[in-house]
Amino acid sequence: MMEYISVMEQFDLISELGLPPPSSSSSSSSSSVEHQHGKDDNESTSPAVAEVPKPHSGRLFANIDWKTSSTSTNTTTDPFPDLKIQIVNEIVNTGGTIHVNDIPTDTGKEISVEEFHNILLDAIEEKEEEEPTPSRPLKRAKVEVDDDDTIIQKKERKEVVLIDVRNTFEHAIGHFVHPHLTTANNGSGVSLEDNDNNIDGNNEGNKNQEAPTTSSSSNNHRNQQQQPKPAINPNTVTFSHFDSTFCSQYSESLKDKKVLMYCTGGIRCVKASAMLKQRGVQDVSHLSGGIHRYLERYGSNGFYKGKMFVFDQRIALDADDMMLKREEEEEVDDVGGGEDNSDSGDNAVASKAVLDGTKSNEQQQQQQKANDVVGKCIECNNPYDEISGANLCTVCRDLLLICPSCRDKLDEFHCERHQTWKNAYFTFLERYTTEQLQYQKDKLQVLHDSCPPKKHKNVRKTLRKQMNKIDTRINDIVEGKAVVEPNAKRRCRTCFESNDICDGRCWGFWRQSQAPKTMTPEPIVEVKIGDRVTIGPNWNQIRLGYKDARLGTVTNI
């Protein structure tokens, strides 16, 4: 890995390919300038000379913040089973909201891990100096005295708003906490409990959500202060929705705030900060290197709580594991550099003591990890943070958290946004009678009629499609074309196989499925340039490999 990074950093595009020829526009511009000034200047003009590039100007990868990460040595799973290289319009898709030329001018301030951490530390000091109450705002003016005993009134401190620009399932298992804010007062002036965040577009979606608490009891308020407020979750399924679902609604209330943003590696928040700044929010900063760099520096001793979601088959990493990995890399040069003391009996005793201490520390760490679980089961609300490809919302196929106990009680699962669809929308209808299906259709019709046509056009379309599906199923049962299967096995939402065949690893990052092969590969025939070929039914399986055999190998066709 380090050899690869070194080669990439030394790569010079100009040295390899040379300078591009001057464009016609630049040539004509140069000629125009010479024509305008040639008559007035006594000195002769020299022919245009290509500008000498600055040193290392062709080294495209010289300033990249390379991030390395490790995986357990006792696992047989390859974290990256496939390698895909393609040219795209945007590295992080925004749906064209942010153009690449907007990034240098509109992006917020990039701050270091230490500066980000210190801002949150200052929030703790401010909280200790002045205990906030529901009737008293958090922001305040600070006074200092100069050498002449003159009182200098500093500008009023802005409220710090902490925003997680990742998706909902990433935020669910781990996020930063704001030490200044609590459940008693969100302090940000931003209420995310809005009907627009509920995809069904009706008021039922917010009946089960708790509004910000403003208890008049000082004891209740003091108890609520014990738990810091998590960073704001914009409730997005994909990053391309960040501008339309969050910035468009809350940018106005953020204009007088100090906004801190973060993401996994520091890429998404670059564009997210530009989205807010283009909407008039000026004081926007984002964490350089993202959660990855922060955990390497502070581990579980910082303000990040829970696990960090990663987009490969490791799924999530613990905070302390990130910190230990960094320490191991820094101390790698010291390994094997000491004297040979293999004959020393004292060293053997010391080694045993160290081993016993390590086991004790490991037990303490395991207990601490159990206490640090921030994720909660969507059904019972108990601590749980294990993400699985088998646990998907049946409507949008978004990842969700559901504990094994609740999972066994349900046939299909619904995410936070689709809780109001819970008793009405099901992908697999074979277990339901005609009466149950009619009940589902009636509920879906109510949801459909409550959605504003212009604002939730796609939602209404999804509901109509499901109602048509129910009508078809009812007709098939009445005509004897289908039978009700009340004991039908639960099926995978992605591949539709029963759960005794598919373990859910056919979705997304779980590409090495334990499901058996269901197709026989077609023979590969030799072809030469110029031959006309027809793509067969198993083209993708032959080209990319079967789901349980995608280990990054390439098959020649």
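User: Where is the place of M2?

Analyst: M2 sits in helix 1, residues 2-10; helices (H or I, at least four residues) and strands (E, at least two) are DSSP runs, numbered from the N terminus. The model is predicted, so local features need pLDDT of at least 70 and side-chain atom pairs pLDDT 80 or more, while totals for chains, interfaces and linings use all residues. Residues are numbered from 1 along each chain as its sequence is written, and side-chain values use heavy atoms, without hydrogens and water.

User: Does M2 count as buried or exposed?

Analyst: Buried means under 20% relative accessible area, exposed over 50%, and partly exposed in between (1.4 Å probe, protein chains only). M2 counts as exposed because its relative accessibility is 58%.

User: Which loop holds H414, and why does H414 count as buried?

Analyst: H414 is in the loop between helix 13 (404-409) and helix 14 (434-450). H414 counts as buried because its relative accessibility is 3%. In the protein chain, 36% of the 557 residues count as buried.

User: What is H414 in contact with?

Analyst: Contact means heavy atoms within 4.5 Å. Leaving aside neighbours within four places in sequence, the contacts of H414 include I378, C393, W421 and Y425. A polar atom of the H414 side chain also lies 2.9 Å from the backbone oxygen of Y425.

User: What percentage of contacts in the protein chain join residues at least 24 apart?

Analyst: Among contacts between residues at least 6 apart in sequence, the share is 68%.

Conventions
A polar contact is a pair of N or O atoms within 3.5 Å; within protein, one must be able to donate a hydrogen and the other to accept it, and residues adjacent in sequence count only if both atoms are side-chain atoms.
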